[in-house]
Amino acid sequence: MKKITIGLLGATAAFSMMMGSVQAGTLDDVKRKGSLTCGVSTGLPGFSNANSKNVWSGLDVDVCRAVAAAVLGDAGKVKYTPLTAKERFTALQSGEIDMLSRNTTWTHTRDTSLGINFAGVNYYDGQGFMVSKNLGVKSATELDGAAVCIQAGTTTELNLADYFRLKGMKYKAVVFDTSDQSVKGFESGRCDVLTSDQSQLYALRIKLANPGNAVVLPEVISKEPLGPVVRQGDDAWFNVVKWSLFAMVNAEELGVTSGNVDSMKSSANPGVKRLLSGDAGKKLGLNSDWGYNIVKQVGNYGEAFERNVGKGSALKIGRGLNALWSKGGLQYAPPIR
Amino acid sequence: MTDLEHPSLAPPVSSVGIVGWMRQNLFSTPLNAGLTLLAVGLIYFLLVPLFEWAVWNADWRGSDQSDCTSGGACWVFIRARLDLFIYGFFPTSEYWRVDVVFALLAVLIVPQFFDRFPRKGWIGLFTLIGFPIIVYFLMMGGSFGLEPVETGKWGGLILTLVLAFVGIVAALPIGIVLALGRRSTMPVIRTICICFIELWRGVPLISVLFMASVMLPLFLPEGVNFDKLLRALIGIVLFQSAYMAEVIRGGLQAIPKGQYEAARALGLGYWKSMSLIILPQALKLVIPGVVNTFIALFKDTTLVLIIGLLDILASVQSAIVDPAWRNVSTEGYLFAAFSFWVFCFSISRYSQALERKLQTGYSR
């Protein structure tokens with residue numbers, strides 16, 4: 001009986017893997033439908049959230065818009081499918097969505113066993129700690145014996161356990177279901193420390209009655225590279241998504257912004273020329289103005305960053321790891337040539 | 001001898017008027033006096049701050065966080081994001097279509113609250129059959145010159161109502177058929193009905209929705225993809241009809257055997273005796289149970305948030321995390337709770353009115 005069960009599970013997994021990998025021609029599908037179906041979160045500040053005009057916005061949403069601009073010439077032609085953490089990979093495997101851009105951490109297990117490919121990293125995140133200022137803690141190494149607020153069922157929980165074991169420290173976990181509950185818990189003093197991905201800590205800090213009273217500690221205890229995901233086995237589409245993201249980063253490096261892109265079109269810089277016109281688009285199966293459309297309608301990576309999570313937003317996150325490689329960060333795109 | 005009628009003295013001040021009423025009802029014994037004081041204290045320490053927060057000190061006018069200055073509830077948030085809570089992501093230019101649905105629903109429901117409204121039965125029948133068809137064409141668009149709106153853009157209150165209405169309207173007839181099937185003398189039909197009911201009643205709704213959303217697409221052939229909302233609706237209807245069947249079966253079992261025999265003695269066949277004699281009595285008996293199931297379903301629709309459908313509760317939650325606002329979760333959840341209470345309370349009142357009208361001497 002047990003053997004049958006295991007066999008059945010294996011067959012199911014193989015079947016779903018097969019379904020994930022045999023599919024091809026997403027690029028043609030998207031062109032034919034005239035719209036891109038993009039999986040986003042059900043509401044994550046700065047990454048994908050409905051803004052005050054009930055329109056999806058955020059850094060992850062901008063990746064969807066960039067791909068739509070590159071493929072269809074119109075960043076508005078995106079259908080957003082809000083997905084929970086549990087169903088996101090199934091939605092991608094089953095073809096319900098064309099791409100997934102939902103603050104998904106690139107890990108070995110996901111990349112190798114789920115029939116999916118990560119098309120790059122649009123945000124380098126990492127788990128951090130937030131403490132109340134009057135606790136007087138300057139570093140995470142002083143947190144021995146602390147009560148820590150966490151959200152249930154996330155990798156955060158596991159990272160936290162790893163970190164404290166490694167440092168030989170003790171902690172008491174106070175588990176909450178949603179982020180607004182953990183904020184209330186932190187505020188009412190149920191815990192000394194709130195832990196989550198750093199990008200989210202900044203978002204949660206705004207929700208405190210007195211945001212100036214809380215401080216995010218400098219330690220980052222995990223690597224969370226977040227990026228867009230596509231189905232495995234569809235290389236043409238994989239390239240389109242990957243290079244749409246690279247085009248945004250390259251545009252920032254070349255100094256092309258949504259404001260100056262029209263004048264930059266006549267620039268003498270060969271790199272700019274290759275990005276905005278030239279045959280790079282043809283090789284991806286797109287029009288030659290793909291790069292122009294991305295920068296004109298969505299902006300370069302820096303613009304998208306500042307608008308959604310940086311200085312232009314309520315989150316006010318610094319560039320940090322997400323600065324360009326030439327400015328001490330990790331954002332590095334291969335050249336378009 | 002004359003009867004000299006003494007004018008009665010006025011009762012002592014302590015036993016009439018407000019003071020008398022209070023002495024009699026609030027301070028009749030030391031225990032009651034203590035309880036009264038305790039209750040007054042509770043009201044003072046709980047309700048007064050609540051009132052101050054929710055009404056007296058609250059901010060009602062404005063458009064963003066900067067208008068919430070008085071320290072009380074920030075109802076500005078609800079006002080500013082009301083469109084999301086009611087229409088979801090429906091295109092702004094097409095809001096009128098949702099408004100028409102709301103208006104039509106109100107117009108169709110109101111006659112049911114009056115006893116002698118002309119052609120009330122037909123209006124009711126239209127609400128159950130014609131209305132969903134109209135809503136379908138109005139909301140989906142794509143015909144009659146309406147712009148198509150994919151179901152992914154539905155959300156908020158209208159999505160909650162669609163889920164609940166379809167669940168209620170479809171589950172009742174299926175439930176009746178299943179209940180009759182379970183009591184049938186034909187073994188195949190009876191077995192099928194029992195299996196169906198016990199299977200669906202044995203699993204939680206949350207896992208039904210999860211299967212419909214996550215597992216089902218994996219087993220469908222490549223390229224076959226049917227709408228997520230439709231999948232959720234089918235799951236809800238199947239689940240709900242199993243519950244409904246058991247409630248109705250309870251009513252069927254309460255009908256005395258004599259009624260069945262009398263129907264047969266009159267020469268009525270199975271369907272006629274059921275539709276004319278048994279079901280009218282049985283359904284009347286189970287109104288409280290049926291309404292209970294409806295209300296439970298109405299509230300259970302919030303579970304669709306685990307499959308990424310943004311109903312009213314999920315859209316409130318997604319607005320709460322918006323960094324443009326401070327912590328407004330209390331206001332948001334209160335709004336969602338109040339919306340649910342309004343609908344559930346209305347359903348409950350309607351069912352009580354229906355019971356009173358149909359009562360034939362069972363009630364005490």
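Biologist: How many residues does the contact take from chain A and from chain B?

Modeller: In this predicted model, the contact takes 34 residues from chain A and 28 residues from chain B. Residues count as in contact if their C-beta atoms lie within 7 Å.

Biologist: Which elements of chain A each supply at least two residues to the side that touches chain B?

Modeller: Among them are α1 (2-22), β4 (78-83), α7 (179-187) and α8 (198-206) of chain A. The most comes from β4(A), with four residues. By class, this side of chain A has twelve nonpolar, 16 polar and six charged residues.

Biologist: Why is α9(A) called roughly perpendicular to α14(A)?

Modeller: Helix α9 (residues 235-254) of chain A packs against helix α14 (residues 301-308) of chain A at an angle of about 100°. Angles of 65 to 115 degrees count as roughly perpendicular, so α9(A) is roughly perpendicular to α14(A). The two axes are 6 Å apart.

Biologist: What makes up the contact of these helices?

Modeller: A:Met248, A:Val249 and A:Glu252 in α9(A) meet A:Tyr301, A:Gly302 and A:Ala304 in α14(A). The classes are four nonpolar, one polar and one charged; Gly counts as polar.

Biologist: Which residues touch the most other members of the largest nonpolar core?

Modeller: A:Val67, A:Val71, A:Val193 and A:Val240 do, in a core of 171 residues. Helix α7 (residues 156-182) of chain B gives the most to this core, with 16 residues.

Biologist: What does A:Val240 touch, not counting residues up to four places away in sequence?

Modeller: A:Val240 touches A:Leu27, A:Val67, A:Ala70, A:Val71, A:Leu284 and A:Leu286.

How values were computed: Residues are numbered from 1 along each chain as its sequence is written. Chains are lettered from A and ligands numbered from 1 in the order in which they are written. This is a predicted model: local features need pLDDT of at least 70, side-chain atom pairs count only at pLDDT 80 or more; totals for chains, interfaces and linings use all residues. Two residues are in contact if their C-beta atoms, placed from the backbone, lie within 7 Å. Axes are lines fitted to C-alpha atoms, for helices over the stretch in contact, and angles run from 0 to 180 degrees between N-to-C directions. Angles under 35 degrees count as roughly parallel, over 145 as roughly antiparallel, 65 to 115 as roughly perpendicular and the rest as oblique. A nonpolar core is a set of buried Ala, Val, Leu, Ile, Met, Phe, Trp, Tyr and Cys residues joined through C-beta atoms within 7 Å. A residue is buried if 20 or more other C-beta atoms lie within 10 Å of its own, exposed if 12 or fewer, and partly exposed in between; C-beta atoms are placed from the backbone.
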